[in-house]
Amino acid sequence: MSENSNDATQEIGLAAADARPLFQLSLMGKVGVGILGFWILVALVGPFLAPYDPADFVSDDSFGPMDATYWLGTDYIGRDILSRVLYGARLTMSLSFMATVLAFLVGIGFGFTAALAGPRTDMVISRIYDAFLSMPTIMLGLLVIAALGSSIPVLVITAGLIYSCGLYRIARALAVDIKVMDFVEAARARGERLPWIITREILPNAVVPLVSEFGLRLVFSILFISGLSFLGLGVQPPTADWGVMVRENLGGLVYGSSAAFVPAAAIASLTVGINLIVDDFSAQRGQEIAEEMI
Amino acid sequence: MWLVVLRRLGLGVITLWVVSVLVFVGTEILPGDVAEAILGQSATPEAVAAIRDQLHLDRPALVRYVGWLTNLLRGDLGMSLAANMEISEMISGRLKNTLVLAGLTAALAVPLALGMGLAAAMFPGGRVDRLVTVSTLFLLSVPEFFIAATLVLIFAVHLQWLPAITYSTEYESIGQMARSLALPILTLTTSVVAHMARMTRAAIINVMTSPYIEMAILKGVPRGRIVLRHALLNAIGPVVNVVALNLAYLVSGVVIVETVFAYPGLAKLMVDAVTRRDMPLVQACAMIFCSAYILFILVADVLAILANPRLRHPK
């Protein structure tokens with residue numbers, strides 16, 4: 001057991017000083033890794049496995065039942081649900097992944113800059129972020145989409161900017177803590193510039209706390225983007241996207257069709273899987289996941 | 001102390017003003033001509049001119065903002081573009097429906113969440129705690145429409161106890177009202193309870209780690225008595241704070257839930273307004289939701305100040 005943990009800690013640099021294993025998955029964490037791994041695999045090879053084209057009207061039945069030909073049934077206009085779920089994985093996951101990466105770049109960039117560039121810059125950036133945080137995220141999303149209309153770039157950029165707010169606060173706090181350390185002072189005394197200090201001195205020491213944030217923001221982005229698609233304001237039909245599929249097939253729910261339930265369950269399993277990993281990670285670092293979940 | 005509370009209230013008013021700027025600017029950042037964008041393909045020169053006239057687009061943005069804000073403060077929400085009706089007329093009934101939904105949810109969710117949080121905090125790491133933390137982690141990870149779809153399949157389709165969709169809010173009896181509201185309320189409750197129970201648990205466990213509790217444990221006070229008599233009183237502040245914060249979360253919850261159940265509430269009206277790009281209506285709805293949100297957060301902060309003497313003195 002201890003050999004494995006040594007390998008893991010050495011890669012993360014500073015934390016290697018800690019004698020305890022840095023990160024060990026519990027059973028729930030392993031389940032999470034399994035679920036996430038499954039969906040990543042589906043996103044990569046899903047379209048090759050799909051039995052039908054996601055746009056083809058393969059059956060005359062609307063809301064056809066699950067049977068040997070159509071494993072997960074057919075949707076409201078007779079398209080194969082399994083194929084649409086397999087295709088949809090790629091879009092749903094890549095959009096939220098891009099949004100999260102954007103949130104990270106923007107949030108951490110501004111957070112570190114605010115912490116290092118001096119009090120005036122700090123105040124300006126912080127006040128702007130405070131203003132955005134005073135609105136519920138879904139309201140921000142609805143306003144932007146009311147103004148700009150819905151398109152995939154708008155969706156990704158909106159989600160990315162909204163979730164950069166939380167990252168900004170965390171990154172700024174981390175950088176404020178780290179910047180008073182001796183090695184940063186030394187770098188400043190050497191005459192290093194801000195970009196160097198940020199990327200070479202501060203970032204490596206903030207990596208571990210930021211990892212679980214990435215998972216958390218990814219979950220938020222998935223819920224946000226698929227939520228908007230569900231409202232009809234995100235990805236537009238006929239694209240095979242999980243949120244869109246839930247919306248399209250909602251009417252069948254009353255007749256007991258699982259056409260809306262299957263994509264909803266796909267989203268749910270993905271977000272649960274990621275959060276199981278995040279929860280494991282934060283529990284071992286003594287954090288409470290719910291504090292962040294608003 | 002009252003000075004601190006007053007300052008917090010002042011901050012709330014400033015926040016509300018900032019949000020009004022954001023809401024106005026947010027709906028003004030349309031690239032190109034607002035009127036043409038609203039009309040889309042049906043933009044005839046006459047229709048564009050009519051909308052420009054109605055929105056006073058010939059005036060500078062600042063003048064329009066000040067006019068909009070003063071009307072808002074006087075309670076005049078303006079005219080809807082799509083429906084050509086007074087917005088206040090369209091909103092009043094919808095707002096009542098949403099308040100009914102949110103109020104009943106709160107009445108159900110708050111005691112449930114407090115009970116769950118308390119039960120979990122009683123023995124951290126114990127069986128009840130694990131059950132509560134795992135189930136709430138699951139519930140707060142999944143989208144609301146997943147919870148809704150699951151509940152509909154169970155209660156409306158398989159058991160056939162409850163109607164799946166709430167078309168109307170004209171109820172003939174209390175029983176009928178309860179039946180048609182049951183699934184929306186249950187869905188909202190489930191998603192709010194998860195947050196609230198976890199945060200309640202965290203707040204109580206936080207108090208449980210303080211030295212005086214350790215003293216009580218060492219003295220041999222029974223566990224239940226420690227939680228109920230020693231910890232809970234000091235945890236009331238943080239817990240009330242948690243409740244108010246989570247009720248703010250209802251604002252996002254209703255948007256999805258009202259759409260799933262076709263519930264004629266304010267959030268459904270707003271989503272439809274966004275689809276039709278009915279800007280005045282979007283602005284009005286956004287202001288109502290954001291005010292409610294700010295109000296809950298404000299209440300949470302003020303209660304925290306009242307409950308914790310350390311927050312009463314400004315630095």
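Helix α7 of chain A (residues 182-190) lies largely in the open, because zero of its nine residues are buried, a residue being buried if 20 or more other C-beta atoms lie within 10 Å of its own, exposed if 12 or fewer, and partly exposed in between, with C-beta atoms placed from the backbone. Helices (H or I, at least four residues) and strands (E, at least two) are DSSP runs, numbered from the N terminus. Just after α7(A), Gly191(A) takes a positive phi of about 90 degrees.

This is a predicted model, in which local features need pLDDT of at least 70 and side-chain atom pairs count only at pLDDT 80 or more, whereas totals for chains, interfaces and linings use all residues. Residues are numbered from 1 along each chain as its sequence is written, while chains are lettered from A and ligands numbered from 1 in the order in which they are written.

Chain A holds ten helices and zero strands, and of its 294 residues 48% are buried. In the loop between α8 (194-230) and α9 (242-248) of chain A sits Pro238(A), which a cis peptide bond with omega of about 5 degrees joins to Pro237(A).

Most residues other than glycine have a negative phi, and most peptide bonds are trans. In chain B, the loop between α10 (223-260) and α11 (266-276) contains Ala262(B), whose phi is positive, near 50 degrees, and which counts as partly exposed because it has 15 C-beta neighbours inside 10 Å. Arg277(B), in the loop between α11 and α12 (279-307) of chain B, has a positive phi of about 55 degrees, and its 21 C-beta neighbours inside 10 Å make Arg277(B) count as buried.
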